[in-house]
Amino acid sequence: MAMNRLEAFRRLLRLLDREPVIANLGKNCYDLFVAGHRPENLYTWGAMGSVSSVGLGLALARPELRVVVLDGDGSLLMNLGSLATIASLRPPNLVHIVCDTGTYETTGGQATHTAGAEPGGAGAVVDRRKDGRDRHDRQSPPAPHLRQVPVHGGDWIPVGSARAVLFRAVRSLRGGA
Ligand SMILES: Cc1ncc(C[n+]2csc(CCOP(=O)(O)OP(=O)(O)O)c2C)c(N)n1
Ligand SMILES: [Mg+2]
């Protein structure tokens, strides 16, 4: 059953300490901001499809950090090659969560190709055993984690202050004040 995305992000943040969390563009950015803005959040803002690649780069560069990526189903479908690169490089510190709305929710809810797909949707690419459990046990080599989470968005959240903070976050990432 689909969870409310904002609630899912609130729960996720409660499980984290100082891990960087990188959000997909659009509603993922807003919901992450509202769920709990923190300096370790990075909002990819308009860069559709890039969040898994940004997360992969950070996970490789900083192997001591657990890097959490909040992707979108539509965005991941635009950059499926990124999954092949992640599968090939296998950074064990990468946690890739696909917030699967079955739609391009941010732009008005047009259906994506995960809509009506078998359970698993975008997450059907996860390396699973026949019994449905993920293949991360003691015998397996360390591997990145990929989870598909069915979510639905709530109403648009008033974003006056969120926009300001998001722009500040982008400026500081680019080396500005
Ligand atoms: C290259 C590119 N194409 C289109 C857009 C417009 N756009 C912004 S958000 C979005 C939908 C993203 O869908 P998804 O990743 O499923 O996230 P959701 O909105 O469902 O959370 C689109 C098409 C864009 N920003 N960049
Ligand atoms: Mg979506």
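Mentor: Let us begin with one pair of helices: the crossing of helix 3 and helix 5 is left-handed. Please keep in mind that this is a predicted model.

Trainee: Which residues of helix 3 and helix 5 make the contact?

Mentor: On the side of helix 3 they are S52, S53, L56 and L60, and on the side of helix 5 they are S82, T85, I86 and L89. Sorted by class, this contact has 4 nonpolar and 4 polar residues, with no charged residues.

Trainee: How is the arrangement of two such helices described in general?

Mentor: Two packed helices are described by the angle between their axes together with the distance between those axes. In this model, the axes of helix 3 (residues 51–61) and helix 5 (residues 81–89) come within 10 Å and cross at roughly 20°. Angles under 35 degrees count as roughly parallel, and helix 3 and helix 5 are therefore roughly parallel to each other.

Trainee: At what angle do the axes of helix 1 and helix 2 cross?

Mentor: The axes of helix 1 (residues 5–15) and helix 2 cross at roughly 50° and come within 9 Å. Helix 1 and helix 2 are therefore oblique to each other. Their crossing is right-handed.

Trainee: Which residues of helix 1 and helix 2 meet?

Mentor: Helix 1 brings R5, L6, F9, R10 and L13, while helix 2 brings K27, D31, L32, V34, A35 and G36. By class, the contact of helix 1 with helix 2 has 6 nonpolar, 1 polar and 4 charged residues.

Trainee: Let us turn to the strands. What holds a sheet together?

Mentor: Strands of a sheet pair through backbone hydrogen bonds, and the pairing is either parallel or antiparallel.

Trainee: How many bridges join strand 1 to strand 8?

Mentor: Strand 1 and strand 8 (residues 145–152) pair over 2 bridges, in the parallel sense. In this pairing, M3 stands opposite V151 in strand 8. Strand 8 is also joined to strand 5 (residues 94–100), by 6 bridges, and these two strands run parallel. There, R147 in strand 8 is the bridge partner of I97.

Trainee: How does strand 2 pair with strand 4?

Mentor: Strand 2 (residues 21–23) and strand 4 (residues 67–72) run parallel and are joined by 3 bridges. V21 stands opposite V68 in strand 4.

Trainee: Finally, which residues come nearest to ligand 1?

Mentor: Of the 18 residues around ligand 1, those that come nearest are G72, G74, S75, E105 and T106. Helix 2 (27–36), helix 4 (73–78) and strand 6 (103–104) are the elements that give two or more residues to this shell. The largest share, 3 residues, comes from helix 4.

Trainee: What classes of residue make up the shell around ligand 1?

Mentor: The shell has 12 polar, 3 nonpolar and 3 charged residues.

Technical notes: Residues numbered from 1 in each chain as written. Chains lettered and ligands numbered in written order. Predicted model: local features only at pLDDT ≥ 70, side-chain atom pairs only at ≥ 80, totals over all residues. Near = placed C-beta within 6 Å. Helix = DSSP H or I, 4+ residues; strand = E, 2+ residues; numbered from the N terminus. Nonpolar A, V, L, I, M, F, W, Y, C, P; charged D, E, K, R; others polar. Pairing = 2+ DSSP bridges. Axes fitted to C-alpha atoms, helices over the stretch in contact; angles between N-to-C directions. Parallel < 35°, antiparallel > 145°, perpendicular 65-115°, else oblique. Left-handed = near helix turned anticlockwise from the far one by under 90°. Contact = placed C-beta atoms within 7 Å.
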